[in-house]
Amino acid sequence: MINAPKGTKDLLPEESYKWQYVEDIARKTAGLFGANEIRTPTFEHTEVFSRGVGEGTDIVNKEMYTFLDKGGRSITLKPEGTAGVARAFNENGLFNSALPQKLFYITQCFRYERPQAGRLREFHQFGIEFIGSKTADIDAEAIVLAHTFFSALSVTGLTLYINSIGCKNCRGAYEKALKEYLRENIKNLCPLCETRFEKNPLRILDCKNEQCKKITANAPQILDYICDDCKEHFETLKRLLDVAKVPYKINPFIVRGLDYYTKTVFEFVSDNVGAQGTICGGGRYDGLVEQLGGASTPGIGFAMGIERLMLLLNNLNVQIPNNNRIKLYIAPFGDENAYNVAFNIAMALRQKGVVTEIDHMNRGIKAQFKYADKIGAEYVLVLGGNEIDSGVAKIKRMIDGEEITLSLNEVVNYFN
Ligand code: ATP
Ligand code: MG
């Protein structure tokens, strides 16, 4: 037997209806905020991510699926959605359309990581990118969109953390202060953070290593260093979140660490899914579009992991309706005409949008009831020689065994 590669997962029918439900709510919620879907390729030139996501990041350093194609080009399977969207924004001249461009996507992503609960090598993200506006109200809207989506799914117990990591005018001063503070402790940082010290010191703030956390606990805080412009931006964001009644906590340790992030960063974190508690992360990326060769264009977005979200829904016991449930199972037997009538009724019902199934295994009547029960059919219609001759049949409601007698030409009207 051949197994699926490590870190990948099959999505089976017992789960897929839940994904359809969640994706449907994602599309509807994004639509309510005026966002349209964008689909970018599964693979890009490696440069898109090395330049877009940034050389100093875990994703680019360790996690990318990169290979040479048969033409000798370096290709990478997308590890995240934002860089590809920014590349598409530039390439397709979306900057010429009405701004802001409000985009959303649901896509698979690939990262070579150690698989564990909520961490896979192929996983899925629902994300949005609002490109072209630099004002804080659109930051608030991005966050409110995520909040609205979680509410529509009846997700509870998420904490929204927000922070500002400043801009290129004020970040330098903070990095200097942070490095000064950390310098005497470099040797006590984890090996990864030791290398981050020069390249990406901010990232040390969100290291999960206990020793690193202890060291950074009393570090200078970025909110004390940001410039007036960034301060005002952050104040407006907080005010609008208050207006929208979206609760948040300020957390100076949320940095997200990618080179392109500026000003607003945020995460939605849950205590109900174990170690991989960050369901959704996002922030402003005023440098990204330019970094990928476009004109200087601000943007903000978020991405959430759908696998982690499904784990959370499961742990919270959120009931998800199965819209694919069989309404009527038709059980023909013993008479060739029974199949003709069954086919006719099934076709007419499906045309009306009623989910209908028929026997395809030539089962006896008892076995058919057993099967109907197994597939969760709500009603069963028995069609044997007697029913065909008399033109009258019984429909049984499976949940309580109640029977209704109907003439065969009333069956289609009975369901809607
Ligand atoms: P983490 O801290 O868990 O490594 P990250 O900072 O790498 O997350 P992002 O790049 O911000 O994550 O991706 C956004 C979201 O995508 C995460 O919050 C998470 O829900 C999901 N995600 C990221 N990596 C994986 C993965 N390997 N498997 C499943 N979901 C993932
Ligand atoms: Mg990661």
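The side chains of S133 and T135 make a polar contact at 3.1 Å, a polar contact being a pair of N or O atoms within 3.5 Å; within protein, one atom must be able to donate a hydrogen and the other to accept it, and residues adjacent in sequence count only if both atoms are side-chain atoms. All of this comes from a predicted model, in which local features need pLDDT of at least 70 and side-chain atom pairs count only at pLDDT 80 or more, while totals for chains, interfaces and linings use all residues. Side-chain values use heavy atoms, with hydrogens and water left out; residues are numbered from 1 along each chain as its sequence is written, and chains are lettered from A and ligands numbered from 1 in the order in which they are written.

S133 sits in the loop between β6 and α5 (136-152); helices (H or I, at least four residues) and strands (E, at least two) are DSSP runs, numbered from the N terminus. With 13% relative accessibility, S133 counts as buried, the classes being buried under 20% relative accessible area, exposed over 50% and partly exposed in between (1.4 Å probe, protein chains only). Setting aside neighbours within four places in sequence, S133 touches P100, I138, R284, P298 and G299, where contact means heavy atoms within 4.5 Å.

Next comes ligand 1. A shell of 14 residues surrounds ligand 1, and the closest are R111, E113, L120, R256 and R308; a residue is near a molecule or strand if one of its heavy atoms lies within 4 Å of it. By type, the shell splits into five nonpolar, four polar and five charged residues. Here Ala, Val, Leu, Ile, Met, Phe, Trp, Tyr, Cys and Pro go down as nonpolar, Asp, Glu, Lys and Arg as charged, and the others, Gly among them, as polar. Strands β6 (122-131), β10 (278-284) and β11 (299-305) each put in at least two residues, and β10 gives the most, with three.

Arginine side chains reach oxygen atoms of ligand 1 at 2.8 Å for R111, 3.0 Å for R119 and 2.3 Å for R256. Of the 590 Å² of accessible area that ligand 1 has on its own, the protein covers 86% (Shrake-Rupley method, 1.4 Å probe).

As for the cysteines, the disulfide count is zero, with a disulfide taken as a pair of cysteine sulfur atoms within 2.5 Å. C193 is in none, and its nearest cysteine sulfur, that of C207, is 3.6 Å away; C193 is buried at 0% relative accessible area. C227 is likewise in no disulfide, with the sulfur of C230 the nearest at 3.6 Å, but C227 is partly exposed at 22%.
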